[in-house]
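The following note sets out, in numbered points, what a reader may wish to check in the model. Each point can be read beside the sequence and the coordinates.

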Amino acid sequence: MEENNKKTIICSVLFLDIVEYSKKNVLGQISLKEGFNAFLLTAINTVPTDDRIILDTGDGAVISFLGDVGDALKVALSMRTSLLDQGLRMDPPLLVRMGINLGPVRLVRDINGLPNIVGDGINVAQRVMGFADPGQILVSRSYFEAVSRLSKNYAALFHYQGSRTDKHVREHDVYAIGYADDIALPSIAAAQAGLWEKIQFHVAHTYQTLTRKLATWELLAVTAYRHASPQQRITYMGILAVTLGFVLAMLIMFVASIAQPPSPNATVVAQQVSPPASAVAATNATAHKKNVQPKKPKTENKSLARTRSLEETTAINSGAPATITLSVAPWGEVYLNGRMQGISPPLAELQVVPGKHEVEIRNTAFPAYKKIFLFKPGSALKIRHKFGD
């Protein structure tokens, strides 16, 4: 790093900020900073010392990565995993927002003669971090375009969040990372190997996401109750009792509707639909004497009409779903009738009801692919699209 001293270079910068750090008392700040430092040291232990410069900002840290551009992403994902698994259960809970940028920085020496960094690369990383929600990782367009070229699995991690304007009226295109930890990379690759692996991955990811959200809600509820006044606690308990009572009532009504026996009126209607056999025989005999075809009773015609309508409706509703197989390169956001279904890859297959549907595939760097298809029951369609062709 000595030979790079006082030179301007391009590197990736990770900016981390502890949420509401300044609002905590001294003991709370010490607890948060100790937990933050422990998680950060664990996250960067695989990055060589000569490839990183760490600056303490008091309520967070700035890390410049002078080596592999993917190091910043790996450290951020590892950091978020520790925060979601352990940081949320701290007292007070440790929440961190993170931003990553790829830009120019200048290596200098601080007043103590230690390595330091300055430049626009750090400023933009701080701006991008400021747009993030607690627990979220956002990256700039420059970093996304660099890291997404390393592997299609890296590109599949990101979702475009739109353009943001900072306090200096400077616009930034930001991308969010859609998975919670660094094991997502091999998981995506495994999910593409087959249907069963893909199902396992999505079930595990959904379970982890739901578990973490429930843990967050639980912690927030306990914290709010702990700091509430006696009157507020009574209000909270009342709201909880009303909510549980409503859910219990809906459950009882649902079970009762399933267990309810058939209405006796159904038997009466069934008896009125078909006329007595003697009346039918008398009608046929009279028609035969007059050499006229016997007419079917109107009630029987209505019954047959009802039967045909029911059979037709059942045939329509029981149509097998159509299947869409996707092959998109390098990646694309898949929309069905204007609603996003996921990113391909890893998304490789969609099930749709028969009928007319609009399929659209978007990539931020190329024009979108859009087409309307008519799907028949049980049909299969393979869509291959490569952006840039």
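1. The contact of helix α1 with helix α2 deserves attention at the outset. On the α1 side the residues are F36, F39, L40 and A43, and they meet V75, S78, M79, S82 and L83 of α2. By class, the residues of this contact comprise seven nonpolar and two polar, with no charged residue. The model is a predicted one, and side-chain atom pairs count only at pLDDT 80 or more.

2. The geometry of the pair can be stated as follows. Helix α1 covers residues 26–43 and helix α2 covers residues 71–85; their axes come within 9 Å and cross at roughly 140°. Because of that angle, α1 is oblique to α2. An angle would have to be over 145 degrees to count as roughly antiparallel. The crossing of α1 past α2 is right-handed.

3. V47 may be considered together with this pair of helices. V47 is placed in the loop between α1 and β2, the latter being residues 52–56. Is V47 buried or exposed? Its relative accessible area is 5%, so V47 is buried. Apart from neighbours within four places in sequence, the contacts of V47 are R52, F65, D71 and V75. V75 is also one of the α2 residues that meet α1.

4. S64 belongs to strand β3, which spans residues 60–65. With a relative accessible area of 0%, S64 counts as buried. Which residues does S64 contact, leaving aside its neighbours within four places in sequence? They are C11, S12, V13, D51, R52, I53 and I117.

5. Q136 is a buried residue in a loop. The loop in question lies between α3 and β6, where β6 is residues 137–140. Q136 has a relative accessible area of 16% and is therefore buried; the cut-off for that class is under 20%. Leaving aside its neighbours within four places in sequence, Q136 is in contact with R80, V96, R97, M98, Q161 and A176.

6. G130 is in helix α3, residues 120–130. Its relative accessible area is 49%, and G130 is accordingly classed as partly exposed. Exposed would require a value over 50%. Between the C-alpha atoms of G130 and F15 there is a separation of 9.4 Å, while the two residues are 115 apart along the chain.

7. The bond joining D91 and P92 is cis, with omega about 0°, and P92 is in the loop between α2 and β4, residues 96–109. The bond from A329 to P330 is likewise cis, with omega near -5°. P330 is located in the loop between β9 (322–329) and β10 (332–336). Most peptide bonds are trans, and most residues other than glycine have a negative phi.

8. E20, which is not glycine, has phi near 55° and is in the loop between β1 (8–18) and α1. N337 is not a glycine either, and its phi is positive at about 55°. The place of N337 is the loop between β10 and β11, the latter being residues 339–344. How accessible are these positions? E20 is partly exposed at 44% relative accessibility, and N337 is partly exposed at 44% as well.

9. Finally, some totals describe the chain as a whole. How many helices and strands does the chain have? There are 11 helices and 15 strands. The chain has 389 residues, of which 34% count as buried. Its accessible surface comes to about 23,500 Å², and 59% of that belongs to carbon and sulfur atoms. Of the contacts between residues at least 6 apart in sequence, 64% join residues at least 24 apart.

Key
Residues numbered from 1 in each chain as written. Predicted model: local features only at pLDDT ≥ 70, side-chain atom pairs only at ≥ 80, totals over all residues. Heavy atoms only, no water. Axes fitted to C-alpha atoms, helices over the stretch in contact; angles between N-to-C directions. Helix = DSSP H or I, 4+ residues; strand = E, 2+ residues; numbered from the N terminus. Parallel < 35°, antiparallel > 145°, perpendicular 65-115°, else oblique. Left-handed = near helix turned anticlockwise from the far one by under 90°. Contact = heavy atoms within 4.5 Å. Nonpolar A, V, L, I, M, F, W, Y, C, P; charged D, E, K, R; others polar. Buried < 20%, exposed > 50% of the residue type's maximum accessible area, 1.4 Å probe, protein only. Areas by Shrake-Rupley, 256 points an atom, 1.4 Å probe, with all protein chains shown as cover.
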